[in-house]
Amino acid sequence: YVFEGWYSNPECTGEKVTKISAAVAEDTNLYAKWEKAQFSYTVNYLEAGTDKVLATAKTASAKFEEAVTEAAIAIDGYTVAGEASKTITIDTENNVINFYYAKVSVNYIVEHYKQDTDGEYYLYADGIEVLSGKVGDTVTAQPKDFEGYVFNSSHEDSVKNGVLKAIFNDADIVILRLYYDIDKIGGGENGDEGDGTPDMYQKLV
């Protein structure tokens, strides 16, 4: 509490009494006025499991024993883990509200392009993967085994890695791309099976 002064009435209203005249001969009753003090409180926005700070903490103040309610803020790429609103009663110290957040799961796409006999690469239904991960994660496309094809790890249009982010529109979706060359000759007893070398670099004779 904070002392606010002396008053001549129990309600502690009107002018404060700051001095008493020496001429007063009778008993005089004075009443002390006390007000609840203001104490600061802090609201933190943290990543669940790591306590990583995700946003600038909020600092405010309220009177002693006052109930204060705060709501979690929105943070891109995260969702509130637990209560979205919390209430504390102000004390003389340790007035802290912590909100915890978990990374949002988002989808990403891996496209596997196969070479055709015209030398161009095409995307077929069996070459599309929709996968998921957490915002902020780095994801890597994994080559698939396609019969009659060999993975081209050096294709100039390859996109092998990406960092997932919150999705607000189609442009935010991470799309990875891998390419495969035709490989149907060079192996087997008759040389008519794939051998790991693209057919464009060899021929069956």
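Reader: What makes the side chains of Glu 111 and Arg 177 a salt bridge?

Author: Their N to O distance is 3.3 Å, and a salt bridge requires a side-chain nitrogen of Lys or Arg within 4 Å of a carboxyl oxygen of Asp or Glu. The pair therefore qualifies. Glu 111 belongs to strand E9 and Arg 177 to strand E14 (residues 175-182), 66 residues apart; strands (E, at least two residues) are DSSP runs, numbered from the N terminus. The model is predicted: local features need pLDDT of at least 70, side-chain atom pairs count only at pLDDT 80 or more, and totals for chains, interfaces and linings use all residues. Residues are numbered from 1 along each chain as its sequence is written, and side-chain values use heavy atoms, with hydrogens and water left out.

Reader: Why is Glu 111 called buried?

Author: Its relative accessibility is 12%, and buried means under 20% relative accessible area, exposed over 50%, and partly exposed in between (1.4 Å probe, protein chains only). Glu 111 is therefore buried, whereas Arg 177, at 27%, counts as partly exposed.

Reader: What makes Lys 36 and Glu 65 a salt bridge?

Author: The closest N and O atoms of Lys 36 and Glu 65 are 3.1 Å apart, which meets the criterion. Lys 36 lies in the loop between strands E2 (31-35) and E3 (38-47), and Glu 65 in the loop between strands E4 (53-63) and E5 (67-71), so the pair ties together parts 29 residues apart in sequence.

Reader: How do you know that Asp 116 touches Ile 182?

Author: Contact means heavy atoms within 4.5 Å, and Ile 182 is among the residues that Asp 116 touches. Their C-alpha atoms are separated by 7.2 Å.

How values were computed: Helices (H or I, at least four residues) and strands (E, at least two) are DSSP runs, numbered from the N terminus. Lists of a residue's contacts leave out its neighbours within four places in sequence.
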